[in-house]
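Work through the exercises below with the coordinates loaded. Each task is followed by a solution in steps.

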Amino acid sequence: MALSKRDEGSKISSDINVTPMVDVMLVLLIIFMVVTPMLQKGVSVDMVKVNNPTPMEDADKEDALLVSITRDGQVYLGSDRITVDALTTKVKDRLTNAQNKRVYVKSDMRARYGGFVQVVDAVRAAGVDDLGLLTDQKKTTTPPPAPPAAGGQ
């Protein structure tokens, strides 16, 4: 009678299988890539970049009134395309029950200045006195120059 020796311990692998984790991470990456553009409010424009922008956190709120001007001069109220002539009445209608009577304007940096002035004039004609102009922060790669040393020469 022979004794049989069981050798099950040698079949166990102690390596970590990362394939399911990579699959989950790729699915999450794809979801974030699809959802992120939908989170932007209004129309996407290349705003003017300035050194000292004024932060306007209220522009990201759900009830904020946002007017966008694209490069080719098209005007959008929120995400709806509108003509400049109809902008005054639409802004009046939206501001009748609003507590915050501020309108935010974001314009493409290559939009014509005349079109921008027409939009601002139409918004002002609707009775808006508080107008926010949205800009982006200019990226600085070099530190500002140091002031000259005070010397007795």
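The model is predicted, so local features need pLDDT of at least 70 and side-chain atom pairs count only at pLDDT 80 or more, while totals for chains, interfaces and linings use all residues. Residues are numbered from 1 along each chain as its sequence is written, and side-chain values use heavy atoms, with hydrogens and water left out.

**Exercise 1. Overall description**

Task: State how many helices and strands the protein has, and in what pattern they follow along the sequence.

Solution. 
- Step 1. Helices (H or I, at least four residues) and strands (E, at least two) are taken as DSSP runs, numbered from the N terminus. The protein has 3 helices and 7 strands.
- Step 2. Along the sequence the pattern reads α-β-β-β-β-α-β-α-β-β.
- Step 3. Buried means under 20% relative accessible area, exposed over 50%, and partly exposed in between (1.4 Å probe, protein chains only). Of the 153 residues, 24% are buried.
- Step 4. A contact means heavy atoms within 4.5 Å. Of the contacts between residues at least 6 apart in sequence, 74% join residues at least 24 apart.

**Exercise 2. Helix α3**

Task: Compare the span of α3 with the expected one, and find which residues of α3 are buried.

Solution. 
- Step 1. The expected span of a helix is 1.5 Å times one less than its number of residues.
- Step 2. F116, V119, V120, A122 and V123 are the buried residues of α3. Down the helix axis they fall within an arc of 160° (the arc of the directions from the helix axis to the C-beta atoms), so they line one face of α3.
- Step 3. The face turned away from the buried side carries exposed Y113 and D121.
- Step 4. The packing partners of the buried residues of α3 are β2 (65-69), β3 (75-77), α2 (84-95), β5 (102-107) and β6 (130-133).
- Step 5. After α3 comes G127, with a positive phi near 95°.

**Exercise 3. Helix α2**

Task: Repeat the analysis for α2: which of its residues are buried, and against what do they pack?

Solution. 
- Step 1. The 12 residues of α2 should span 16 Å at 1.5 Å a residue, and the end C-alpha atoms are 17 Å apart, which agrees.
- Step 2. The buried residues of α2 are L87, T88, V91 and L95. Their arc about the axis of α2 is within 100°, so they line one face of the helix.
- Step 3. D85 and D93 are exposed on the other side of α2.
- Step 4. The buried residues of α2 pack against β2, β3, β4 (80-82), β5 and α3.

**Exercise 4. Strand β5**

Task: Decide whether β5 is largely enclosed or open, and identify the strands that pair with it.

Solution. 
- Step 1. In β5, 5 of the 6 residues are buried, so the strand is largely enclosed by the rest of the structure.
- Step 2. Two strands pair if DSSP finds at least two bridges between them. Strands β2 and β5 run parallel and are joined by 5 bridges; K106 in β5 is the bridge partner of S68.
- Step 3. The pairing of β5 with β6 is also parallel, over 4 bridges, and G132 in β6 is the bridge partner of Y104.
- Step 4. S107 lies in β5 and counts as buried at 13% relative accessibility. Beyond four places in sequence, S107 contacts V45, D46, M47, V48, I69 and F116.

**Exercise 5. Residue V84**

Task: Determine whether V84 is buried, partly exposed or exposed, and which residues it touches.

Solution. 
- Step 1. V84 is found in α2, and its relative accessible area of 25% makes V84 partly exposed.
- Step 2. Not counting residues up to four places away in sequence, V84 touches V75, Q118, V119 and A122.
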